[in-house]
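Dear colleague,

I am handing over the structure below. My notes on it follow.

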Amino acid sequence: MPALVAPSILSADFARLGAELDTIASADWVHVDVMDGRFVPNITIGPLVVEAAKRSTKLPLDVHLMIVEPDRYLEDFRRAGADWITVHAEACTHLDRSIQAIHATGAKAGVALNPHSSEQPLDYVLETLDLVLVMSVNPGFGGQSLIERVFPKIERLATAIQKRGLKTLIEVDGGVKPANAQRFRDAGANVLVAGSAVFSATDRAAAIAAIRG
């Protein structure tokens with residue numbers, strides 16, 4: 001099955017963000033990595049850049065909060081234009097409350113899992129989720145190599161979602177490229193995030209099409 005493709009602007013040229021977004025107009029979503037230097041060892045962007053991206057594209061904005069205390073900023077990112085907001089299970093003391101808070105803003109709710117994290121903490125909230133984001137690299141930096149051990153996790157999540165008759169999407173972020181996209185799709189992923197694989201391509205539309213399948 002084809003997957004949705006969400007190019008990550010972490011790999012884009014921020015000096016010309018609007019023009020960069022024009023080059024990925026054939027994608028399905030725009031993935032926005034927000035890092036705070038605390039949950040991950042890097043600092044990226046905040047609501048102001050999300051707002052600028054929203055003005056520059058008609059694609060849905062898929063905002064991935066790699067930050068501590070994400071509940072404090074949910075409304076800010078929603079007002080800035082986030083259509084999907086994903087928080088990390090590892091950063092949320094009360095995960096169900098965080099999911100409810102995302103939905104209260106009007107955004108779709110996602111929960112991300114680091115490569116080392118089990119999917120079991122999602123067992124009691126899976127029905128409330130629009131999206132599960134499986135990190136296939138350790139969060140914090142773009143351009144990392146894929147961690148192969150995540151494939152069984154994707155398969156287990158896909159099985160659980162299917163058994164429960166849910167419409168929850170599985171998104172994968174990290175090391176995705178045209179050469180391995182089929183493996184992620186076969187494992188059960190519905191949304192593929194790709195940064196350098198898209199933004200370093202000469203023909204970005206072709207790279208997006210190859211990842212989509």
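Which residue stands opposite Leu-133 in β6? Ala-112 does.

This is a predicted model, in which local features need pLDDT of at least 70, side-chain atom pairs count only at pLDDT 80 or more, and totals for chains, interfaces and linings use all residues. Residues are numbered from 1 along each chain as its sequence is written, and side-chain values use heavy atoms, with hydrogens and water left out.

Strands and helices are DSSP runs numbered from the N terminus (strands E, at least two residues; helices H or I, at least four). Two strands pair if DSSP finds at least two bridges between them. Strand β5 (residues 108-113) runs parallel to β6, joined by four bridges. Strand β7 (residues 169-173) also pairs with β6 in the parallel sense, over five bridges, and there Asp-173 stands opposite Met-135.

In β6 (residues 131-135), five of five residues are buried (under 20% relative accessible area with a 1.4 Å probe, protein chains only; exposed is over 50%, partly exposed in between). Leu-131, Leu-133 and Met-135 point one way, Val-132 and Val-134 the other.

The whole structure holds two aromatic pairs (ring centres of Phe, Tyr or the six-membered ring of Trp within 6.5 Å; stacked under 30 degrees between planes, edge-to-face over 60, the rest tilted). One of them, Phe-151 with Phe-184, is stacked, at 4.8 Å centre to centre and 25° between the planes. Phe-151 lies in helix α5 (residues 151-163) and Phe-184 in helix α6 (residues 181-187), so the pair ties together parts 33 residues apart in sequence. Phe-151 is buried at 7% relative accessibility, and Phe-184 is buried at 0%.

Regards
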